[in-house]
Amino acid sequence: MFNDNTALNLDNENLKAAEKEDSAQESKEQEAVLPFSLKTKDNEKSDPVNEQSIDEFENLKMDSGEDRYFSYRPEYANLWQIEERLVPSILADISKNFLTYFLGAVLCALSLYKVYQVQETRDLTARYNEVMMNNENLHKEWLSLLAQRQTLSEQGAIREAATQKLKMVAPKTEAEQVIKIN
């Protein structure tokens, strides 16, 4: 019967035949893709290294990239389907996740209200500070006026002001007259 080496040789021969068929098919595909030949009269007369590189280029397998990029894989094909009606899709999503959107809207409203409260508090604090400063200034002025009244109400200050500003003199005791009111 067959031994392992014979089976391996047959498999190798089958693989080589399949590879030749694939390369022949690929060269036909590449010829269909490339409408021109890379060989020119100058290239044919040139060195064999150039002919070898041209042959390698012609036998180069073109990779479509379908197996490497997820967008071409069949399991991801539904990701690229475009839904033409956007508004019904959005409304369906909102109705499905209503609680989440409602809580998000409430959270945004509360955040805006908190910002409004902080701004109002700052404005009221600034007004309060202005009123307190004005009150302190009025209190200082009132104390100053009280001190001035105290100094002006003393008998010595009154007598001095009457003699200097009004040129008044004190009457003599003989010239004084007493009037009685009943």
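Which helix gives the most to the nonpolar patch? Helix 5 does, with seven residues. The legends below refer to a predicted model.

**View 1. Overall fold of the chain.** The secondary structure consists of six helices and zero strands. Along the sequence the pattern reads α-α-α-α-α-α. Of the 182 residues in the chain, 3% are buried.

**View 2. The nonpolar surface patch on helix 4 and helix 5.** The patch covers about 1,200 Å². Its members are Leu-86, Val-87, Ile-90, Leu-91, Ile-94, Phe-98, Leu-99, Tyr-101, Phe-102, Leu-103, Val-106 and Leu-110. At least two of the patch residues come from each of helix 4 (86–96) and helix 5 (98–152). The contribution of helix 5, seven residues, is the greatest.

**View 3. Ile-94 within the patch.** Ile-94 is part of helix 4 and belongs to the nonpolar patch. The relative accessible area of Ile-94 is 33%, so this residue counts as partly exposed. That class lies between the cut-offs of under 20% for buried and over 50% for exposed.

**View 4. The largest pocket and its lining.** The volume of the largest pocket is about 150 Å³. Gln-155, Ile-158, Arg-159, Ala-162, Thr-163, Met-168, Val-169 and Ala-170 form the lining. By residue class, the lining divides into five nonpolar, two polar and one charged.

**View 5. Lys-167 in the segment after helix 6.** Lys-167 is placed in the segment that follows helix 6 (155–164). The phi angle of Lys-167 is near 55 degrees, a positive value in a residue that is not glycine. With a relative accessible area of 66%, Lys-167 is exposed, because the cut-off for that class is over 50%. Met-168, Val-169 and Ala-170 are among the residues that line the largest pocket.

Note on methods. Residues numbered from 1 in each chain as written. Predicted model: local features only at pLDDT ≥ 70, side-chain atom pairs only at ≥ 80, totals over all residues. Heavy atoms only, no water. Helix = DSSP H or I, 4+ residues; strand = E, 2+ residues; numbered from the N terminus. Buried < 20%, exposed > 50% of the residue type's maximum accessible area, 1.4 Å probe, protein only. 1 Å grid on protein atoms, 1.4 Å probe; cavity = no way out; pocket = protein on both sides within 12 Å on 5 of 7 lines; lining within 4 Å. Points joined across faces, edges and corners; volume = space filled by probe spheres on them. Nonpolar A, V, L, I, M, F, W, Y, C, P; charged D, E, K, R; others polar. Patch = residues over 30% accessible without salt bridge, like charges linked within 9 Å, V, L, I, M, F, W, Y side chains within 5 Å. Areas by Shrake-Rupley, 256 points an atom, 1.4 Å probe, with all protein chains shown as cover. Salt bridge = Lys/Arg side-chain N within 4 Å of Asp/Glu carboxyl O.
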